[in-house]
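Keep it short, with a heading for each topic.

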Amino acid sequence: MSSGCQVRRGKSWRIAAVFAASAVLSLSACASGTDSGSSAPETDTTGVSAEKVDAIANTVPAPIKDSGQLVVGVNIPYAPNEFKDPSGKIVGFDVDLMNAIAATLGLKAEYREADFAKIIPSIQGGTYNVGMSSFTDTKEREKSVDFVNYFNAGILWAQRPDAPVDPNNACGKKVAVQATTTEETDELPAKNKACIDAGKPAITIMPFDGQDAAANAVALGQADAMSADSPVTAYAIKQSNGKLEPAGEIFDSAPYGWPVTKGSPLAQSMQQALDHLIESGAYKEIAAKWGVENGMIEKATINGAVN
């Protein structure tokens, strides 16, 4: 891991996205990454009520049920989904949700850090029961593992409340992005080309090493808008104290999923647990805590890849 921030998790088999999260927007670039591959501290589901549901817990495969633990492979940081707080504790939307899932199943989540590329092979090899690292469910990945879909993520722009920007017509605008993300390498170059081909002013693409710096560029008026993965943008908006708001709707959406061993009944157990949390309102409460309500789903699915 390094302090340079890399490609988004929302496309293909990607390198681990490595930006550190801050509790509030700051003018600094992203901090250095994590000590990948080491054991990590556990964290509780803060402020969300989740209790064991016997009917669902009884469906958990016997070896996992008997162990009392759900071993989770995770790659961090990727705020607001999974990252470390200043004390080194693993926190985030995914973490709160996985803790609630584990509690519903009568288990305790045990998080183990790993390189992103090693998580799925480690699930196949039996080292981890499940992966939790903002995985986009794809048809290609479904050949190796099954996915329990829990969230929809896409691209979302942010703007200042007094300076609206249309993401579909941003010709002549300055748009901040995190360097080397899909937004910088694919989305904005394509939109810029469309502007130029139409004889309109070019989009000025402003890359920053850290997502916090990109968000601040907009808040300070140095850029007209920013583009990032939808949960990342939503979190930046939540942390901006009203200086940022969504620009348009989420687009290019695809489901996030938790990978489990192909054919394992654990997928159905986690699907039932998630549906229970959706029905109880705990799922919405967790999403609201992290400002990612726009990606909420209404019903859990398995292997819902769109491509």
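S134 is buried, with a relative accessible area of 0%. Buried means under 20% relative accessible area, exposed over 50%, and partly exposed in between, with a 1.4 Å probe and protein chains only. S134 sits in the loop between β5 and β6. Its phi is positive, near 55°, and the residue is not a glycine. This is a predicted model: local features need pLDDT of at least 70, side-chain atom pairs count only at pLDDT 80 or more, and totals for chains, interfaces and linings use all residues. Residues are numbered from 1 along each chain as its sequence is written, and side-chain values use heavy atoms, with hydrogens and water left out.

Most residues other than glycine have a negative phi, and most peptide bonds are trans. N303 also has a positive phi, about 55°, and is not a glycine. N303 belongs to the segment after β11 (301–302). It counts as partly exposed, at 24% relative accessibility. The peptide bond between A79 and P80 is cis, with omega about 10°. P80 lies in the loop between β1 (69–74) and β2.

## Overall make-up

The protein chain has nine helices and eleven strands. Helices (H or I, at least four residues) and strands (E, at least two) are DSSP runs, numbered from the N terminus. Of its 307 residues, 53% count as buried. Among contacts in the protein chain with a separation of 6 or more, 79% come from residues 24 or more positions apart. Contact means heavy atoms within 4.5 Å.

## R141

The loop between β5 (130–131) and β6 also holds R141. Is R141 buried or exposed? At 0% relative accessibility, R141 counts as buried.

## Nonpolar cores

Nonpolar side chains tend to be buried together in soluble globular proteins. Here the largest nonpolar core has 65 residues. Such a core is a set of buried Ala, Val, Leu, Ile, Met, Phe, Trp, Tyr and Cys residues joined through side-chain atoms within 4.5 Å. F93, M98, W258, M270 and L274 have the most contacts inside the largest core. M98 touches L70, V72, A109, Y111, V130, M132, W258 and M270, leaving aside residues up to four places away in sequence. A second, separate core has twelve residues, including W157, A170, C171 and V177.

## Helices α3 and α8

Helix α3 (residues 93–104) packs on helix α8 (residues 266–280) at about 110°, with the axes 9 Å apart. Axes are lines fitted to C-alpha atoms, for helices over the stretch in contact, and angles run from 0 to 180 degrees between N-to-C directions. The two helices are therefore roughly perpendicular. Angles of 65 to 115 degrees count as roughly perpendicular, under 35 as roughly parallel, over 145 as roughly antiparallel and the rest as oblique.

On α3, the contact uses L97, M98, A100, I101 and T104. On α8, it uses M270, A273, L274, H276 and L277. By class, there are eight nonpolar, two polar and no charged residues. Ala, Val, Leu, Ile, Met, Phe, Trp, Tyr, Cys and Pro count as nonpolar, Asp, Glu, Lys and Arg as charged, and the others, Gly among them, as polar.

## The disulfide

How many disulfides does a search of the whole structure find? The search finds one. C171 is joined to C195, S to S 2.0 Å. A disulfide is a pair of cysteine sulfur atoms within 2.5 Å. The torsion about the S-S bond is about -90°, so the disulfide is left-handed. C171 lies in the loop between β6 (145–159) and β7 (174–178) and C195 in helix α5 (residues 182–197), so the pair ties together parts 24 residues apart in sequence. C171 and C195 are both buried.

Helix α7 (residues 230–239) is mostly covered, with nine of its ten residues buried. Its buried residues pack against β2 (83–84), β6, α6 (211–219), β9 (225–229) and β10 (245–261). N241 follows α7 and has a positive phi, near 55°.

P231 is in helix α7. It counts as buried, at 1% relative accessibility. P231 touches P80, N81, F151, A153, Y256 and V292, not counting residues up to four places away in sequence. P231 and Y78 are 153 residues apart along the chain, yet their C-alpha atoms are separated by 9.9 Å.
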